[in-house]
Amino acid sequence: ALMIQEGSAFCVYRACSVIGIGVAYEGRIQAIASIVPGGGRDTVLALAKSLDSDVVSLDVASTNLKAILLYNSLGFVESGKVMNWYKIY
């Protein structure tokens with residue numbers, strides 16, 4: 001996967017098409033959005049690799065079971081819960 005970075009935001013490409021976007025910095029993946037089916041997996045892997053960190057943390061909503069299953073399959077384990085919710089106006 002090819003990535004284009006603007007600050008801590010990334011666009012992840014495969015075969016000249018965007019497959020996902022994300023925000024990552026300082027060993028932490030804060031947001032992921034898959035653009036195509038299956039793009040989430042490659043986006044997470046590309047972002048994790050770009051962080052160049054021994055430990056990568058990832059934020060996910062506890063209600064997003066599909067994402068949690070994906071992250072578990074990639075080797076992520078739950079390490080804690082934080083209750084932050086943001087309202088978009």
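Aspartate 52 is placed in the loop between α1 and β5. In this predicted model, the phi of aspartate 52 is positive, about 50°, although the residue is not a glycine. Most residues other than glycine have a negative phi. Alanine 15 also has a positive phi, near 50°, and is likewise a residue other than glycine. Alanine 15 sits in the loop between β2 and β3. The two residues are set out below.

| Residue | Loop | Phi | Relative accessible area |
|---|---|---|---|
| Aspartate 52 | between α1 and β5 | about 50° | 74% |

Aspartate 52, at 74%, is exposed for the corresponding reason, the cut-off being over 50%.

**Sheet and helix**

The five strands form an open sheet in the order β1-β2-β3-β4-β5, and the pairing is mixed. At the edges are β1 (2–6) and β5 (57–58), each of which pairs on one side only. Helix α1, residues 39–50, packs on this sheet and touches β1, β2, β3, β4 (28–34) and β5. The direction of α1 makes about 155° with that of β4.

Within the sheet, β2 (residues 9–14) and β3 (residues 17–25) pair in the antiparallel sense, with six bridges. Strands of a sheet pair through backbone hydrogen bonds.

**Cysteine 11**

Cysteine 11 belongs to strand β2, and its bridge partner in β3 is isoleucine 21. Leaving aside residues up to four places away in sequence, cysteine 11 touches Leu2, Met3, Ile4, Gly20 and Ile21. Is cysteine 11 buried, partly exposed or exposed? Its relative accessible area is 26%, so cysteine 11 is partly exposed, a class that runs between the 20% and 50% cut-offs. From cysteine 11 to glycine 75 the separation is 64 residues in sequence and 23 Å in space, C-alpha to C-alpha.

**Nonpolar core**

Which residues make up the largest nonpolar core? It has eleven members: Phe10, Ala24, Ile29, Val44, Leu47, Leu51, Val56, Leu58, Ala67, Tyr71 and Phe76. Helices α1 and α2 (65–73) each supply at least two residues of this core. In soluble globular proteins, nonpolar side chains tend to be buried together.

Phenylalanine 10, one of the core residues, touches Met3, Ile4, Gln5, Gly20, Ile21, Gly22, Ala24, Leu47 and Ser50, with residues up to four places away in sequence not counted.

Methods
Residues numbered from 1 in each chain as written. Predicted model: local features only at pLDDT ≥ 70, side-chain atom pairs only at ≥ 80, totals over all residues. Heavy atoms only, no water. Pairing = 2+ DSSP bridges. Helix = DSSP H or I, 4+ residues; strand = E, 2+ residues; numbered from the N terminus. Contact = heavy atoms within 4.5 Å. Axes fitted to C-alpha atoms, helices over the stretch in contact; angles between N-to-C directions. Buried < 20%, exposed > 50% of the residue type's maximum accessible area, 1.4 Å probe, protein only. Core = buried A, V, L, I, M, F, W, Y, C linked by side-chain atoms within 4.5 Å.
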